[in-house]
Amino acid sequence: MLIRLGYELTFNCPQPTPMILSLTIHSERAADLVVPDHLTTQPAVPVSGYRDGFGNWCTRIVAPAGKVTIRTDAVIRDSGLPEPHVPDADEHRVEELPGDALVFLLGSRYCETDLLSQMAWNMFGSCPPGWPRVQAICDYVHNRIRFDYQLARATRTAAETWNEGVGVCRDYTHLAITLCRCMNIPARYCTGYLGDTGMPPPYGIPDFAAWFEAYLGNAWYTFDPRNNMRRIGRVLLARGPRCLRRAYCDYVRPEPARKF
């Protein structure tokens with residue numbers, strides 16, 4: 001199956017503005033690209049890049065003052081199969097986890113494990129360990145949180161999502177990640193493309209999406225508390241230990257005007 005994907009983002013900058021863009025398809029899917037996802041800008045500006053500590057390709061530009069548009073148009077080959085469902089994937093004891101998975105147990109600005117740990121153990125401590133426990137967490141988050149674009153807030157944390165009962169895909173993801181980490185299950189944040197392949201109409205507005213991966217049975221598996229089902233054609237852009245809410249476009253805020 002071939003999937004066409006891309007984006008067009010337009011910003012109006014009050015002055016030249018450095019940007020870091022995590023908008024390139026992750027290296028693990030690079031071999032599947034039929035038409036590369038080359039990033040272009042209008043007006044044209046110099047483009048450079050680097051790979052961060054989590055394997056994400058980050059593009060650097062300095063957007064000029066005024067309107068700037070960033071876009072790509074690519075085609076990727078996909079198996080067309082639903083994501084793996086492995087209900088017997090085991091949970092690992094902390095001392096058995098590989099070193100590179102331990103960072104995905106830590107609390108963060110958006111994932112307050114210290115605030116939600118006791119609640120998590122009260123609710124999920126009696127669940128069968130492994131895949132059933134992670135799925136129980138996803139079921140809980142999916143049913144507790146109401147999706148509402150109009151109430152999206154860039155600063156909302158997992159604890160705030162739990163208290164407010166509303167959010168968008170990144171908020172579902174933060175809460176599920178936090179509950180998994182409270183249960184000593186490594187969980188990492190992911191962002192990328194998710195279309196409606198294999199889904200019945202009516203189709204939603206295409207958008208970037210957030211989900212997470214949990215470490216079970218010596219492998220990382222995809223879970224999506226927002227949609228809460230195995231999907232077809234998910235394409236990863238970036239992953240990390242915490243919110244990538246600006247993974248689509250991060251920028252350095254301009255310095256305030258100085259008086260002399």
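This is a predicted model: local features need pLDDT of at least 70, side-chain atom pairs count only at pLDDT 80 or more; totals for chains, interfaces and linings use all residues.
1. A disulfide is taken here as a pair of cysteine sulfur atoms within 2.5 Å. By this rule the structure has zero disulfides.

2. Residues are numbered from 1 along each chain as its sequence is written, and side-chain values use heavy atoms, with hydrogens and water left out.

3. Cys 190 is buried, at 0% relative accessibility (buried means under 20% relative accessible area, exposed over 50%, partly exposed in between; 1.4 Å probe, protein chains only). Cys 58 is also buried, at 3%.

4. There are 11 aromatic pairs (rings of Phe, Tyr and Trp, the last by its six-membered ring, with centres within 6.5 Å; planes under 30 degrees apart are stacked, over 60 edge-to-face, the rest tilted). Phe 147 and Tyr 172 form a tilted pair, because their planes stand at 40 degrees, with ring centres 6.3 Å apart. This pair links distant parts of the chain, 25 residues apart: Phe 147 lies in strand S8 (residues 146–147) and Tyr 172 in helix H4 (residues 169–182). Helices (H or I, at least four residues) and strands (E, at least two) are DSSP runs, numbered from the N terminus.

5. Within this pair, Tyr 172 is buried at 2% relative accessibility, whereas Phe 147 is partly exposed at 24%. Arg 226 lies over the face of Phe 147, 3.8 Å from the ring centre (NZ of Lys or CZ of Arg within 6 Å of the ring centre and within 35 degrees of the ring normal).
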